[in-house]
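Hi,

Here is the structure I promised to pass on. Have a look at it first, and then read my notes below.

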Amino acid sequence: MGAITYDGLEFTFKDFKITPEIENNFTLFKAHFETLSKHWGIDFKPSEGRVNDLGYYHLKQKNIDLAYHYFKFNLNLYSNSANAYDSIGEWYYTKGNKREALANYSKSLELNPENEYAKKLVTALKLTLEN
């Protein structure tokens, strides 16, 4: 079942709500969706935007490892998303891993050639890595 349906059910039913405690613990977050899927016999998954927002939230809070789990989870769920590659690219860039940042920004650009931010970073990272 898609993320849109999940969001509607979360709005309607208490058991579907994600608390701040769940959002601040990746293991609980992932288990939340696994439990609902098992209980209802339907594949529930969080929306790409929600997972991405949680990744950036934790990145800004300096919860670097937690941010990685959200970005990687998003990439696993939405492997054809330019945004998911762009976001994990930013995580690698923040960590100082320019090679992985370049690889992920390049993939983002491949999936969305209109991504101007990725174009700039790919160019800059290539120049940096060549020197």
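What pattern does the protein follow, read along the sequence? It goes α-α-α-α-α-α-α-α, with eight helices and zero strands. Do keep in mind that this is a predicted model.

Some overall numbers: 40% of the 131 residues count as buried. The protein exposes about 7,800 Å², and carbon and sulfur atoms supply 53% of that. If you take the contacts between residues at least 6 apart in sequence, 49% of them join residues at least 24 apart.

H8 has 15 residues and reaches 21 Å from its first C-alpha to its last, close to the 21 Å expected at 1.5 Å a residue. Ala-118, Leu-121, Val-122 and Leu-125 are buried in H8. Seen down the helix axis, the buried residues fall within an arc of 105 degrees, so they line one face of H8. Their cover includes helix H6 (82-95) and helix H7 (98-111). On the face turned away from the buried side you'll find the exposed residues Lys-120 and Glu-130.

The N-terminal end of H8 is capped by Asn-115, with a side-chain oxygen 3.2 Å from the backbone nitrogen of Tyr-117. Tyr-117 itself counts as partly exposed, because its relative accessibility is 43%. Leaving aside residues up to four places away in sequence, Tyr-117 touches Asp-86, Glu-90 and Tyr-105. Tyr-105 is 12 residues from Tyr-117 along the chain, and their C-alpha atoms are separated by 9.0 Å.

Cheers

Note on methods. Residues numbered from 1 in each chain as written. Predicted model: local features only at pLDDT ≥ 70, side-chain atom pairs only at ≥ 80, totals over all residues. Heavy atoms only, no water. Helix = DSSP H or I, 4+ residues; strand = E, 2+ residues; numbered from the N terminus. Buried < 20%, exposed > 50% of the residue type's maximum accessible area, 1.4 Å probe, protein only. Contact = heavy atoms within 4.5 Å. Areas by Shrake-Rupley, 256 points an atom, 1.4 Å probe, with all protein chains shown as cover. Expected span 1.5 Å × (residues − 1). Arc of directions from axis to C-beta. Polar contact = N/O pair within 3.5 Å; in protein donor to acceptor, adjacent residues only side chain to side chain.
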